[in-house]
Amino acid sequence: MGESKSETGLLAYIIPFLAVVPVLYLLDWESHEASILIVAVPFMTFPVILIAGQIYNGTEYWKIKLKEGGILALGALGVSLSASLWLVYDYVDSLPNFYDQQSIIQWLEWVSFDLLQSDYTLTSGTKILGMGVWIDSITLMILLVATFLCFLICWFSLGYMNTDPINEDRNHRFYGEFVLFALGMFGMVLADNFLWLFIFWEVMGLCSYLLIGFYYWKDSAAYASKKAFLTTRVGDVFLMIGLFILYDIYGSLEFSVIFHDPSLDGMVDSNKLFWALLMMFIGAVGKSAQFPLHVWLPDAMEGPTPVSALIHAATMVNAGLYLVARMVPFVDVGHHGVAGLEELGLIIAYVGGITAFMAAAIAFVQNDIKKVLAYSTMSQLAYIFTGLGSALWFYNNDEHHAAVVVFGASMFHLFNHAMAKGMLFMASGSVIHEVHHAHDHLHHGDHDHHFDPQDMRNMGGLASKMPVTATAMMFGSMSIIGIPLIGGFWSKEGIIAETWLAALEHEPLMFGPAILVLLTAGMTGFYMSRMWFMTFAGEPKSEVVNHVHEETPWIKMPLVTLTIVTAFGGFAFALLGATDYLSSAYDYSGHLKLHESTLISSIIGELEHAFLPEKMNLRIIGWITIFLSFIVGPVFAARIHGGNLAKGESATPLVSWLVSLSSKFGSQDVTSLAESELSVALQNRLYFDDLYEGILAKTVIPFSEFAAWFDRKVIDGMIKQVESKSVIGSLQVRNLTTGSARDYILMATIGMLSIIALLWGLN
Amino acid sequence: MMPELILILGLIAIVLVPNLGDAKFRLPLTSIRVPVLLGGSRFDMTNDPRMPNRISNLTFSLALLSSLLLISESPREVGGILMVDGFSRLFSTMFLGALLLVSIATTHRLPAKTNAQVPKESDSENVFDRKISILMDNRRQVDFYILLIMVGLGMTMMTMATNLFMLIVCIELASLSTYVLVAFHKEDATGGEAGAKYFIVGSVASAIGIYGMSLLYLWSGSLDLDILRQNWLSMDGVDPFAAFGIGMMLVAFGFKVSAAPFHLAAPDAYSGAASPVSGLLATASKAMGFLALFRVLVMITVPEGSEAIWMITLSIFAIVTMTWGNLAALTSVNPKRILAYSSVAHAGYMLAAIAVVGSGISGTDQSSIILTAVSFHLFVLVLFKLGAFLVLALLETEGKGHEIEHLHGLGRRDPLIAGSMFLFVLSLAGVPPLSGFLSKLLMINGIVSTSASTGSSSSADVISWAESVDPLFWLAAAIVLNSALSLFYYLRIGLVMFFEEPSTEKPLKAAPSLRMAIFACALLTVLCGVGPVSEWLLDMVSTAIGSFMYQ
Amino acid sequence: MISDPLTVITIVPLAVSLALLILPKISGSAEGLARASRAISMGVALAMLAITTMIFFGEIGNVDWTDYNSGYSLTNDAFALIPSIGVQWKVGADALSFPMIWLTTLLIPISMLVEWDAKKGHLFHPLILMMEGALIGVFVSLDMFVFYAFWELTLVPMFFLIMVWGGDDRKYASMKFFIYTFTASVIMLIGILVMYFYTPDVASSGTITGHTFDMSVMIASSDYIPSEGLRHLVWLLLLIGFATKMPSVPVHTWLPDAHVQAPTAGSMLLAGVMLKMGAYGFLRIAVSAFPNSTVAFIPLLIFLGMASLVYGAWVCMGQTNLKRMVAYSSVSHMGLIFLGIATMQPLGIAGALFMMFAHGIISPLLFAVAGAFKHHYHTLEIGSMRGIAHHSPWLAAHMMLGWMASLGLPLLAGFVAEVTILIAFWMSFGWLVLLPTLTLIITAVYYLTSMQKTIFESNDPHQGILPDTLHGEEPRDISWHENSGMFILGALTILFGILPFLFWDMMSEWSSGFLIETLVEAMQSEGVKP
Amino acid sequence: MIDPSWIAGLGVILFGVGLIGVFTRNNAIVVLMCIEVMLNAANLNFVAGTMHYGDVDGWVFTAIAIAIAAAEVAIGLAIFLSLYSTQQTISLDDATTLRN
């Protein structure tokens with residue numbers, strides 16, 4: 001297409017951006033010095049986009065050449081990406097150990113102050129809440145994920161956002177906020193202390209608010225954005241309290257001080273620390289949409305699809321995981337950690353287990369393609385929480401090996417999930433975009449016609465219409481389900497197995513989360529398959545489908561890239577020892593196995609590790625997981641939703657096997673099930689939203705109205721009482737001046753008598 | 001004695017001059033007509049209705065000047081019953097100043113031809129104006145100024161009296177003249193009523209006072225202040241004659257200073273009288289009462305180092321007075337009554353300060369600071385209280401001024417006059433840096449500094465301290481709270497002047513000398529609050545108080 | 001360069017404004033002056049800003065603000081005003097007052113800019129200039145009398161601003177504002193007078209009363225007050241005056257009325273600087289002079305702070321008027337200042353100082369936004385309009401920024417203050433911190449709800465739901481001057497959010513020095529552990 | 001010679017009569033007369049005092065007090081006339097246009 005060619009030319013604009021990092025390299029900068037650019041360049045770009053966009057809105061150059069700021073955003077993110085790649089290149093194999101590490105670089109002494117000690121003297125030396133850079137394997141991994149995905153999603157947005165007429169002349173807002181969002185995540189990951197972690201964490205909160213509410217005129221979007229912000233705010237506030245406690249305990253919020261100031265060994269009150277960590281965990285729960293602060297996530301789908309991809313894959317929800325991952329050193333009794341914090345791990349694991357199960361259950365009945373993905377996100381994050389919970393538990397019980405494994409697995413799952421979910425959202429975006437486009441094409445300007453382009457009941461049989469998307473989505477779903485050898489399999493297995501290990505060998509209470517995550521594995525298989533089948537397999541469920549075709553090149557590129565990463569990345573990284581490497585942040589031993597063994601032997605070793613672990617019970621758990629997720633879930637889904645394409649349509653070979661396979665299991669009518677009470681409850685999200693809103697409507701709103709009434713009537717009323725009482729008093733006093741001189745004389749006489757009485761009486 | 005002589009000369013002049021005419025006396029048995037100048041058809045100059053005013057202005061100016069020049073005169077006794085010293089000169093300066101202002105201010109309006117009629121609301125504008133001008137242009141003006149000079153004479157004499165009886169006589173001289181002045185306000189049907197009430201209540205009060213004085217005489221056998229003091233100090237316990245005598249004299253002076261509950265006639269009198277006269281009552285007449293209180297309470301009855309018998313009584317009356325005044329003014333809709341009640345409230349403040357003098361601090365610096373504060377307050381009160389009444393007098397030239405509506409939109413009609421008025425009420429309220437603030441501050445300072453140190457020094461919390469502190473401390477609190485209360489009605493005046501629509505856009509009458517008096521008051525109100533003038537004045541007052549204290 | 005810059009920045013605005021107000025009234029030939037008064041006022045205000053900025057950068061006076069021990073800087077030779085009672089003209093600034101001075105000089109031109117085309121501009125802008133002189137006077141004067149005089153003088157221009165340019169109920173509001181705060185400051189005056197009385201005679205030769213109003217002497221001689229109870233009482237009297245100004249619950253009710261009725265510039269200055277006078281005075285006088293009482297009354301401070309913060313936030317949520325809501329949010333935020341002081345930690349006190357400053361740039365932005373709603377949509381009723389972001393994108397953007405800054409979003413100025421105060425609060429009072437911290441959620445709720453119900457939610461991408469009060473008028477975005485005013489405020493909010501140390505360092509040093517010099521002894525004697 | 005205390009006692013009675021009179025009677029003229037009675041009570045005291053102390057000051061005071069009373073009467077009557085001419089009454093209870 002002619003248009004697409006000229007648009008590719010626009011990429012020339014980002015070349016200068018991409019050249020920044022190489023130039024700096026040539027100028028003898030160090031990569032950690034350049035790390036400031038990861039945050040600074042987007043930070044300088046976003047106001048430019050916002051303000052220039054507002055001013056040059058609608059002009060030709062801005063709209064066509066700069067894609068309403070999209071090109072600038074892409075360039076800025078390109079700088080971040082290249083700078084973080086540089087960091088990865090420099091540090092990937094030469095990381096200092098966490099416990100010996102200082103901040104790589106101090107950027108600014110943000111706030112400095114003294115404290116009064118209990119002997120009434122000031123602390124010697126000024127305390128500083130500053131900002132610097134911290135780099136370890138977790139940082140590198142999440143930074144890479146974030147920059148990479150942000151770049152791709154921005155790319156995707158160029159196709160997705162700019163072609164939607166409803167967004168016309170508004171996209172500068174999108175890109176500006178997008179860039180800000182991204183920098184929030186970058187900054188949070190790079191920060192070398194909890195305060196700046198929190199600061200960037202909040203920046204993300206703001207941006208999620210702005211972006212979810214991008215279609216501000218929609219009631220639902222405005223409501224959803226508010227809900228997202230407030231729900232996460234609840235968590236954030238507790239996180240803040242956690243930070244206060246932490247500061248009180250350690251006298252600093254810097255990782256380097258908190259984690260390896262030897263003078264603090266044995267000085268820390270475990271009870272206090274428990275509360276600090278619990279408070280921080282509540283923050284993470286809010287941000288990562290875990291039970292019971294999960295209600296915002298599904299509503300957040302009101303934002304444009306790239307935003308969903310951004311929130312769910314690249315940035316926001318990972319923040320909570322990152323925070324919990326940073327808790328490890330507190331509980332790692334092998335090093336400076338404090339003993340007696342097992343409950344924390346349990347609580348985290350339970351929250352994870354419950355959320356995983358609940359979200360998967362709700363995902364069963366969702367018909368909105370993005371909602372399914374949203375619940376899937378929730379569920380998968382819950383896996384990671386469960387894993388981290390077990391990891392913390394292990395660390396605290398000095399089960400070092402198990403801890404390392406499950407921690408690494410959790411982090412690795414974060415990576416896999418991010419890649420797959422980013423891709424899935426973009427793919428779903430592609431579907432929605434094209435379906436919407438086709439619908440517009442079909443019903444020109446007919447706005448009254450009610451049609452939801454996100455509803456899977458309007459789709460079906462898209463596999464032939466959208467080959468790239470269908471393929472991408474298939475791999476993404478597989479990764480999420482944990483189909484052996486693909487993406488998430490490598491990490492999910494580890495989480496489930498180690499949780500069971502904890503339950504079986506150490507702590508019976510761990511059975512709860514263990515069972516829940518195991519069940520969820522099967523449920524994941526069902527709902528992800530269901531989504532794919534409903535969308536791509538079977539016959540078209542509405543005429544719109546016939547007019548769908550993939551068009552925009554901006555959309556395809558990220559999909560293809562991520563499909564490759566998802567399909568092979570998991571295995572590849574597993575081979576490289578990602579699990580060990582990621583947990584090496586808190587460990588002496590882990591390194592990427594770059595130079596250690598031959599490819600074949602490591603493949604065999606890895607496969608053996610995955611399918612035939614040494615411990616028997618792990619082996620059993622592993623196979624049960626595979627059975628549930630690989631066989632049970634998908635087969636049920638295929639029975640209900642699977643089916644061949646319409647006659648004459650054919651999909652690419654990559655997916656056609658799946659389509660035809662899906663028709664092999666017969667079909668089952670589930671109408672009665674769909675109308676059951678359970679299903680209704682699930683559709684209503686188990687009534688959590690209603691519950692919260694009911695509580696708010698019954699308590700907060702009336703109380704605030706009461707407070708306003710109280711202020712107006714009682715407090716101000718008292719003041720007014722003073723006024724009105726004195727007016728009445730004044731009138732009464734004035735009435736004493738009757739006008740009759742006789743009364744005046746009488747009063748004077750009384751006055752005289754009282755003077756005499758007083759003089760006489762008092763002496 | 002210079003100022004008094006000037007006043008007497010002025011009195012003679014004002015009686016004679018307007019009667020000068022071409023009357024000739026035919027020498028008996030001859031046809032030679034000797035011009036005797038008195039009577040006949042008068043010369044143009046003496047016929048001029050403004051003539052008495054000029055004489056009066058001149059008299060008061062000269063008297064004021066001489067009083068000012070003689071202010072540092074060394075103490076001198078005259079005839080055993082008068083004593084000229086800095087203190088008396090200070091007060092006579094104040095009285096003469098007030099009278100001069102009144103005299104100047106009345107240039108443009110004064111009462112009464114026999115055929116003059118009081119304008120009615122229903123009159124058309126022309127008729128109304130004509131009636132006013134008839135009232136203005138009147139040869140019988142002279143009566144007013146005679147009375148004014150008589151007031152001046154009474155007041156200046158009373159400042160010097162060292163004999164209680166002389167004091168009362170001089171006060172009566174001044175008072176009787178003011179009764180007539182109040183009733184003089186004939187454009188208004190209320191003048192007679194106001195005069196009658198003021199007279200009758202005032203007479204009862206002075207009768208009580210004179211009776212009290214006679215009791216004192218029975219007790220001590222002399223009314224000389226020094227002897228009274230010696231007798232008082234050597235008195236064993238409290239003699240009922242003495243106590244009752246003092247108490248009854250308090251009634252008479254209480255009426256003069258318009259302390260509650262003797263003040264009831266005052267608002268009526270103020271609102272019925274011509275505004276300059278009301279102003280005179282609220283300032284000079286009140287100061288006269290306070291001067292008398294100084295003499296009786298401070299000079300006679302304050303024992304060294306212990307509490308005076310009247311301290312608590314006076315404190316109670318002070319609090320009642322200030323609260324009554326402020327409360328009543330709060331909802332009043334007649335600006336003259338508002339000012340009258342405010343004058344009552346101010347009397348309360350000053351009474352509170354005087355009450356503290358009786359707390360056993362006699363002879364100390366603190367008591368002289370308090371007296372300085374009260375005197376200073378009386379002094380500056382002349383500026384802004386009288387100034388405020390003069391603004392109302394300006395409104396009275398168009399027959400208005402007794403309803404708050406008449407002040408509406410004054411800021412638009414005449415911003416300078418309205419600004420001055422605003423300044424006056426702010427100063428009355430005690431807003432810094434105006435002189436009203438300074439004087440009030442000094443009074444409160446006196447009270448606080450006397451009483452705050454009395455609290456138990458071991459009390460560790462507020463309540464135990466509050467229980468242990470001298471109750472006089474709460475007088476200061478009462479003053480402050482009352483000041484806050486008073487703001488409501490003072491600000492209301494400012495508010496209606498600047499933010500209400502005027503009923504007419506017509507500019508105010510020119511009345512240059514009245515305006516001059518107002519502006520002089522406004523200027524001095526500011527100058528006496530801050531800067532060298534206030535220093536000089538305060539210095540003068542405190543020196544004078546020094547001479548009073550160490551007589 | 002300028003020998004006595006503080007006197008200059010106090011007197012020049014006052015003198016110019018008086019000239020601009022009075023001259024045209026007196027002589028008709030000064031008509032031209034009236035026309036130019038807007039420009040002249042702005043010029044003077046900008047010149048003052050230039051002076052204070054130069055002071056900040058050390059161009060004038062070369063002050064090291066972070067040095068607590070050097071005491072007041074830029075002081076002049078005391079010049080006697082009323083020697084009889086010991087009143088002097090004595091000015092100076094330190095790290096406590098300087099940020100406030102700078103803030104004043106900053107906000108004055110901005111508030112003029114925002115209301116650049118106010119009605120009766122020949123009076124409006126000079127009045128604001130007068131406000132500047134009075135406010136600076138409060139912050140610079142080192143004589144208690146002059147301090148008090150300026151304190152009251154600030155009421156006058158504000159009273160007129162509300163009375164003349166206010167909303168429908170302006171008469172009631174302005175009276176209430178004036179009387180309420182005046183009454184409180186009169187109560188404060190009693191306290192000042194008691195302090196005054198106890199100044200030692202030696203320092204005041206030549207006065208009739210034997211005492212002096214010199215602030216440092218008065219503060220230093222508070223030890224001469226013999227009774228602990230009286231010291232407590234004086235402290236409480238001062239507190240009443242200052243807390244009313246701040247304002248703290250339960251003496252806050254003048255604020256919403258005044259704010260709702262005040263013109264935009266008035267609200268901006270009221271919230272931006274006038275409220276800070278309370279906190280400034282509290283630290284400068286009450287805490288400095290009576291450290292023991294302050295320490296003894298820490299529970300009271302906490303109660304007041306908590307009440308303002310928590311209760312204020314709840315009341316905010318029940319408001320339907322945008323400006324009223326913002327006004328109550330000021331009450332709520334001012335509560336944090338008391339909490340910060342109550343911590344008795346340098347961190348908390350510095351946080352309180354920074355709160356004063358940060359709120360001083362954020363709240364004017366809020367009120368500018370609210371004022372713009374009133375100006376362009378003729379209503380402040382939350383919920384009477386929807387989707388205004390479509391018609392007024394700049395306004396919506398400023399609203400977003402201001403609201404977010406006020407609810408304590410990081411990287412915006414308010415956060416620094418909030419987080420430092422709360423850290424210190426935890427260190428001193430532990431779990432009590434839950435209350436203020438959870439209130440942040442309430443804050444978020446009311447801010448977000450108000451935004452949702454004004455600039456969002458029209459259900460039509462091409463049209464907002466306009467309020468009835470617009471009467472079919474075409475909705476507009478804010479004008480250039482409003483926009484630039486808000487823009488500067490927004491930019492500063494971000495600037496000080498990211499680079500708080502510009503002012504933080506001096507505040508922190510001041511707090512440490514202040515605590516050690518003044519409060520530590522009291523804490524030891526009262527047995528309060530840090 | 002009558003004991004001065006009897007005279008003073010008569011003065012007290014007179015004063016009481018006058019005092020009760022001033023606030024019970026309505027007619028301004030009668031009130032004026034009561035005031036005269038009160039002043040005369042004071043005069044009796046002065047006379048008694050003179051007798052007791054044996055100096056002449058009291059007589060002088062008495063004479064002047066009588067003069068004051070006369071002046072008062074003159075002025076009072078004039079003012080009452082003025083009141084009567086505007087309000088056609090000299091009843092104190094009726095002349096109440098000025099009040100509150």
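In this predicted model, 59 residues of chain C are in contact with 46 residues of chain A. On the chain C side, the elements that each give two or more residues are α13 (298-317), α15 (346-377), α16 (388-391), α17 (393-406), α18 (413-429), α19 (434-452) and α21 (501-526). Sorted by class, the residues of chain C that touch chain A are 40 nonpolar, 15 polar and 4 charged. There are 5 pairs of chains that touch, and the pair with the most contacts among them is A and C. The model as a whole scores ipTM 0.84 and pTM 0.87.

Chain C also meets chain B. Here 36 residues come from chain B and 33 residues from chain C. On the side of chain B, two or more residues are given by each of α15 (365-396), α18 (435-451), α19 (462-468), α20 (473-499) and α22 (532-549). Helix α20(B) supplies the largest share of that side, with 9 residues. The class count for the side of chain B that touches chain C is 21 nonpolar, 12 polar and 3 charged residues. Chain D, by contrast, has no contact with chain C, and the closest C-alpha atoms of these two chains lie 25 Å apart.

Within chain C, one helix pair can be followed in detail. Helix α9 (residues 228-245) and helix α11 (residues 264-289) of chain C have axes that come within 7 Å and cross at roughly 160°. Angles over 145 degrees count as roughly antiparallel, and α9(C) and α11(C) are therefore roughly antiparallel to each other. From α9(C), the residues that take part are C:Trp235, C:Leu238, C:Leu239, C:Phe242, C:Ala243 and C:Lys245. They meet C:Leu275, C:Met277, C:Gly278, C:Gly281, C:Phe282, C:Ile285 and C:Ala286 in α11(C). By class, this contact between α9(C) and α11(C) holds 10 nonpolar, 2 polar and 1 charged residues.

Next, the fold of chain B. Its secondary structure comes to 22 helices and 4 strands. The radius of gyration of chain B is 24 Å, close to the 24 Å that the globule rule gives for 551 residues, so chain B is as compact as a globular protein of that length. Taken along the principal axes, the C-alpha atoms of chain B fill a box of roughly 90 × 65 × 40 Å. Of the 551 residues in chain B, 67% are buried. Among the contacts in chain B with a separation of 6 or more, 78% are between residues 24 or more positions apart.

Chain D has 3 helices and 0 strands, and along the sequence these give the pattern α-α-α. With a radius of gyration of 17 Å, well over the 13 Å that the globule rule gives for 100 residues, chain D is more spread out than a compact globule. Its C-alpha trace spans about 50 × 25 × 25 Å along the principal axes. In chain D, 44% of the 100 residues are buried. Counting contacts in chain D between residues at least 6 apart in sequence, 50% join residues at least 24 apart. The average pLDDT of chain D is 88, and 99% of the residues score at least 70.

Conventions. Residues numbered from 1 in each chain as written. Chains lettered and ligands numbered in written order. Predicted model: local features only at pLDDT ≥ 70, side-chain atom pairs only at ≥ 80, totals over all residues. Contact = placed C-beta atoms within 7 Å. Nonpolar A, V, L, I, M, F, W, Y, C, P; charged D, E, K, R; others polar. Rg over C-alpha atoms; globule rule 2.2 N^0.38 Å. Buried ≥ 20, exposed ≤ 12 C-beta atoms within 10 Å, placed from the backbone. pLDDT = per-residue confidence, 0-100. Axes fitted to C-alpha atoms, helices over the stretch in contact; angles between N-to-C directions. Parallel < 35°, antiparallel > 145°, perpendicular 65-115°, else oblique.
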